[in-house]
Protein chains: 2
Amino acid sequence: MLGRMYESQTCSVARTLEVVGERWSLLIIRDAIFARTTRFQDFQRRLSVAPNILKARLDTFLQTEVMVRRRYSEHPEHYEYVLTQKGLDLYPIIVALASWGDRYAAPDGSPVIFEHAVCANPIELRVRCPRCGDIHSPEEITAQPGPGLPADASFEITADTR
Amino acid sequence: MLGRMYESQTCSVARTLEVVGERWSLLIIRDAIFARTTRFQDFQRRLSVAPNILKARLDTFLQTEVMVRRRYSEHPEHYEYVLTQKGLDLYPIIVALASWGDRYAAPDGSPVIFEHAVCANPIELRVRCPRCGDIHSPEEITAQPGPGLPADASFEITADTR
């Protein structure tokens, strides 16, 4: 079990950040998903990250089953890091981060465009209501207690009054 | 201008993480967006975060125009922290993090359910191609160089061979 960064938080956002919220984690995931990077030295070359930090992050991903280790060479013995389904399913988070960055932190335009491989149209991220369609503002959304909320934690989601 | 955590990365994911990638940042944003929290003591009570860290994160949000400071009391002088449009627009990131956590890190079910305020249906996050419809796997997505990519950085998005 991982140490908990956000011990007091019963929240799926906090639980996700315990897996991918450390510095460099999400950039490693970005490269694993979208550049198909699998090898230690390729991550290191692309990210210019200190090897001990990269090792620690990859170890966390193995421990949390976001990645599995696979041997790709016997002599010498070498392993690569391959995303599991759990790891691949992080891609909407990367798309959401990139989408905000393209809008607010890319004065020269998007550095990278995510396209649908089939038709080359830029992909979009949508927050939707299955009944009413697209949602355009968080003010259209309310947070409600779910089945996983401990009885003593209802405080967590109570909206403060504006 | 903020210090750059990810100096070598010309990437909207990295640029976004420079704004919201520090420990606690995204939980502060979560509470600001979905619990309408605005006051220092309310953030602190909800998050149990050290005041110096909370102060540093809020200062970053002011500096990056994710929040503005607004006076709500004259005697004594008190300020609250209010999300700008730029800050509100971070909500799909929170929804994406919560969505993955609900699926993979909520063994007792979702602690919190995001609902459409109008009809109380749980909201969904979709990655879509505007032409072909929903995308279900990152293998349907390719990363292509965009206008903001420096000429010497094309290496960044080159897919490594599997």
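Trainee: Leaving aside its neighbours within four places in sequence, with which residues is Ala32(A) in contact?

Mentor: This is a predicted model, in which local features need pLDDT of at least 70, side-chain atom pairs count only at pLDDT 80 or more, and totals for chains, interfaces and linings use all residues; side-chain values use heavy atoms, with hydrogens and water left out. Residues are numbered from 1 along each chain as its sequence is written, while chains are lettered from A and ligands numbered from 1 in the order in which they are written. Contact means heavy atoms within 4.5 Å. With neighbours within four places in sequence set aside, the partners of Ala32(A) are Thr37(A), Phe43(A), Met67(A) and Leu83(A).

Trainee: Is Ala32(A) buried or exposed?

Mentor: Ala32(A) has its place in helix α2 of chain A; helices (H or I, at least four residues) and strands (E, at least two) are DSSP runs, numbered from the N terminus. Buried means under 20% relative accessible area, exposed over 50%, and partly exposed in between, with a 1.4 Å probe and protein chains only. Because its relative accessibility is 6%, Ala32(A) counts as buried.

Trainee: At what angle do helices α2 and α3 of chain A pack?

Mentor: Two packed helices are described by the angle between their axes and the distance between the axes. Axes are lines fitted to C-alpha atoms, for helices over the stretch in contact, and angles run from 0 to 180 degrees between N-to-C directions. For helix α2 (residues 25-34) and helix α3 (residues 40-47) of chain A, the axes are 11 Å apart and the angle is about 115 degrees.

Trainee: Which hand has the crossing of α2(A) and α3(A), and how many charged residues has their contact?

Mentor: A crossing is left-handed if the near helix is turned anticlockwise from the far one by less than a right angle, and right-handed if clockwise; α2(A) passes α3(A) in a right-handed crossing. Leu27(A), Ile28(A), Arg30(A), Asp31(A) and Ala32(A) of α2(A) make the contact with Phe43(A), Arg46(A) and Leu47(A) of α3(A). Ala, Val, Leu, Ile, Met, Phe, Trp, Tyr, Cys and Pro count as nonpolar, Asp, Glu, Lys and Arg as charged, and the others, Gly among them, as polar. On that basis, the contact of α2(A) with α3(A) has five nonpolar residues, no polar ones, and three charged.

Trainee: Which residues have the most contacts inside the largest nonpolar core?

Mentor: A nonpolar core is a set of buried Ala, Val, Leu, Ile, Met, Phe, Trp, Tyr and Cys residues joined through side-chain atoms within 4.5 Å. The largest such core has 92 residues, and those with the most contacts inside it are Met67(A) and Met67(B).

Trainee: How far apart are the closest N and O atoms of Arg30(B) and Asp31(B)?

Mentor: Both Arg30(B) and Asp31(B) are buried. They form a salt bridge, defined as a side-chain nitrogen of Lys or Arg within 4 Å of a carboxyl oxygen of Asp or Glu. For Arg30(B) and Asp31(B), the closest N and O atoms are separated by 3.0 Å.

Trainee: In which helix do Asp59(B) and Lys55(B) lie?

Mentor: The side chains of Asp59(B) and Lys55(B) meet in a salt bridge (2.8 Å, N to O). Asp59(B) is partly exposed at 30% relative accessibility, and Lys55(B) is partly exposed at 39%. The two residues are four apart, about one turn of the helix, and both lie in chain B helix α4 (residues 51-63).

Trainee: Which residues of chain B are in contact with Pro138(A), leaving aside its neighbours within four places in sequence?

Mentor: Pro138(A) is found in the loop between β5 (133-134) and β6 (141-145) of chain A. With a relative accessible area of 3%, Pro138(A) is buried. Its contacts, neighbours within four places in sequence aside, are Ile33(B), Phe34(B), Arg36(B), Leu88(B) and Tyr91(B).
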